[in-house]
Amino acid sequence: MRYPVSGTATQEVCPNTSTGATGVCTLVSITSGRTFWLRGIRMIASSTSGNVEVYDATAQTTATGQTIRMLVPSATSLTSVVPTVYEFAPPGIKFGNNYVIAKLAASGSIGIGGMNVWGYEE
């Protein structure tokens with residue numbers, strides 16, 4: 001059975017530092033015993049552009065596991081703030097650990113609520 005799931009950044013997504021957890025943001029907590037299939041991502045950058053990375057993580061503060069890398073365009077270079085939306089063909093991208101988390105690999109930031117994901121668990 002499929003269960004719709006979505007999540008949003010509840011803190012600013014910023015670069016992960018060499019010390020570890022800084023900048024890592026939890027987007028979805030996966031229900032124990034289920035698999036999450038990522039079907040889409042929506043982002044609005046609030047600073048300079050950078051690559052955003054989405055991880056299949058075993059802990060809320062650890063950026064490890066499967067990685068999806070995408071370029072987040074700079075909102076300051078646009079005449080208005082336009083979200084970037086990525087949609088993935090069915091069944092989506094599989095995540096099997098406890099959390100779906102994100103961080104930026106370069107300079108920049110994504111504000112609170114400026115990154116959303118959706119999909120389903122089964």
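**View 1. Gly 113 and the loop between S8 and S9.** Here we're zoomed in on Gly 113, which lies in the loop joining S8 to S9 in this predicted model. Gly 113 has 30% relative accessibility, so it counts as partly exposed. Beyond its neighbours within four places in sequence, Gly 113 is in contact with Thr 8, Ala 9 and Arg 42. Look for Gln 11 as well: its C-alpha atom is 7.5 Å from that of Gly 113, although 102 residues separate the two along the chain.

**View 2. An aromatic pair, Phe 36 with Phe 95.** Searching the whole structure turns up one aromatic pair. The ring centres of Phe 36 and Phe 95 are 6.2 Å apart and the planes make an angle of 55°, so this pair is tilted. It ties together distant parts of the chain, with Phe 36 in strand S3 (residues 36–43) and Phe 95 in strand S7 (residues 93–95), 59 residues apart. Phe 36 counts as buried, because its relative accessibility is 0%. Phe 95 comes in at 1%, so that residue counts as buried too.

**View 3. Arg 34 over Tyr 3.** In this one, the charged end of Arg 34 sits over the ring of Tyr 3, at 3.9 Å from the ring centre.

**View 4. The largest nonpolar core.** This core has 23 residues, and Ile 41, Val 54 and Met 115 touch the most other members. S3 gives the most, with four residues. Off to itself is a second, separate core of five residues, including Val 24, Tyr 55, Ala 57 and Tyr 99.

**View 5. Around Ile 41.** Setting aside neighbours within four places in sequence, Ile 41 has quite a list of contacts, among them Val 54, Met 70, Phe 88, Met 115 and Trp 118. Thr 84, Val 85 and Tyr 86 are also in contact with Ile 41, as are Asn 116 and Val 117.

**View 6. A cis bond between two prolines.** The peptide bond running from Pro 90 to Pro 91 is cis, with omega near 5°. Pro 91 is found in the loop between strand S6 (84–87) and S7.

**View 7. Confidence along the chain.** The protein chain has an average pLDDT of 82, and 82% of the residues score at least 70. Confidence is highest in strand S1 (residues 3–8), at 96, and lowest in S5, at a mean of 76.

How values were computed
Residues are numbered from 1 along each chain as its sequence is written. This is a predicted model: local features need pLDDT of at least 70, side-chain atom pairs count only at pLDDT 80 or more; totals for chains, interfaces and linings use all residues. Side-chain values use heavy atoms; hydrogens and water are left out. Rings of Phe, Tyr and Trp (its six-membered ring) pair if their centres lie within 6.5 Å; planes under 30 degrees apart count as stacked, over 60 as edge-to-face and the rest as tilted. Helices (H or I, at least four residues) and strands (E, at least two) are DSSP runs, numbered from the N terminus. Buried means under 20% relative accessible area, exposed over 50%, partly exposed in between (1.4 Å probe, protein chains only). A charge sits over a ring if NZ of Lys or CZ of Arg is within 6 Å of the ring centre and within 35 degrees of the ring normal. A nonpolar core is a set of buried Ala, Val, Leu, Ile, Met, Phe, Trp, Tyr and Cys residues joined through side-chain atoms within 4.5 Å. Contact means heavy atoms within 4.5 Å. pLDDT is the predictor's confidence in each residue, from 0 to 100.
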